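Please open the model in your viewer and keep the selection tool at hand.

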Amino acid sequence: MGLTIKHIWAARNGRKFDGVANDNYFEQQEGIVTIQYPHQAIPVPEIGRYQLDVAIDDCVVCDLCAKICPVDCITIESIKAVEDIGKTSDGTTKRLHASKFFIDHAKCMYCGLCTTVCPTECIIMTSEYDVSVFDINEMDRKFSVMTEQQAVEKQLMLDKFNEERAAAKAAATKKD
Ligand code: SF4
Ligand code: SF4
């Protein structure tokens, strides 16, 4: 009876939402320690490793993130740009289109290596951890904004550019 009364009394208090980084995190667990997720959520640490995000406008499609990934869960395909496609927010000139950029979060082990090699810091780990899907294939998230049709057009532009350059080179050689 004494124990029951003690718990009923303690249940007047609920858990605080100060986050696991606080020194007194475990001391906060008095009274009702469960929370009404997803309406309530405990803040995640700033250095936590959760779902990845890519600011594709700042991506130079260097492929470094895909190369360093230990589980090969980043898929990137590029097409060389023959037109001016601008710069990233840090002033790096972009020379490649990202025709494909997928990260399979079902394979990702959240090591964070991809974020450390990115020259423009456009691939980051977010505080998003509660992404639920019905189909596991939906975890292969797309970050490129290019449609298949646009990729075909860019490839045709590149092929034409290469043909014209080869023809000009051949004509110049002939002249010599
Ligand atoms: S966090 Fe690690 S496993 Fe996940 S995509 Fe980046 S390098 Fe690959
Ligand atoms: S390392 Fe960064 S810039 Fe290079 S492809 Fe990956 S996300 Fe893009």
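Begin by selecting Lys154, which is partly exposed, with a relative accessible area of 21%. The model that contains this residue is predicted.

The side chains of Lys154 and Glu83 form a salt bridge, with 2.9 Å from N to O. Glu83 belongs to the loop between strand S2 (74-80) and strand S3 (96-104), whereas Lys154 is part of helix H4 (residues 148-175), so this pair ties together parts that are 71 residues apart in sequence. Glu83 has a relative accessibility of 28% and therefore counts as partly exposed.

Remain on helix H4 and select Lys160 and Glu164, which both lie in this helix, 4 residues apart, or about one turn. A salt bridge joins Glu164 and Lys160, and their closest N and O atoms are 3.7 Å apart. Lys160 is exposed, at 52% relative accessibility, while Glu164 is partly exposed, at 46%.

Now select ligand 2 and display its surroundings. Which residues are the closest to ligand 2? They are Cys59, Cys62, Asp63, Cys65 and Cys118, out of 13 residues that surround the ligand. By class, this shell consists of 11 nonpolar, 1 polar and 1 charged residues.

Asp63 counts as partly exposed, with 24% relative accessibility, and Lys67 counts as exposed, with 61%.

Conventions
Residues numbered from 1 in each chain as written. Chains lettered and ligands numbered in written order. Predicted model: local features only at pLDDT ≥ 70, side-chain atom pairs only at ≥ 80, totals over all residues. Heavy atoms only, no water. Near = heavy atom within 4 Å. Nonpolar A, V, L, I, M, F, W, Y, C, P; charged D, E, K, R; others polar. Buried < 20%, exposed > 50% of the residue type's maximum accessible area, 1.4 Å probe, protein only. Salt bridge = Lys/Arg side-chain N within 4 Å of Asp/Glu carboxyl O. Helix = DSSP H or I, 4+ residues; strand = E, 2+ residues; numbered from the N terminus.
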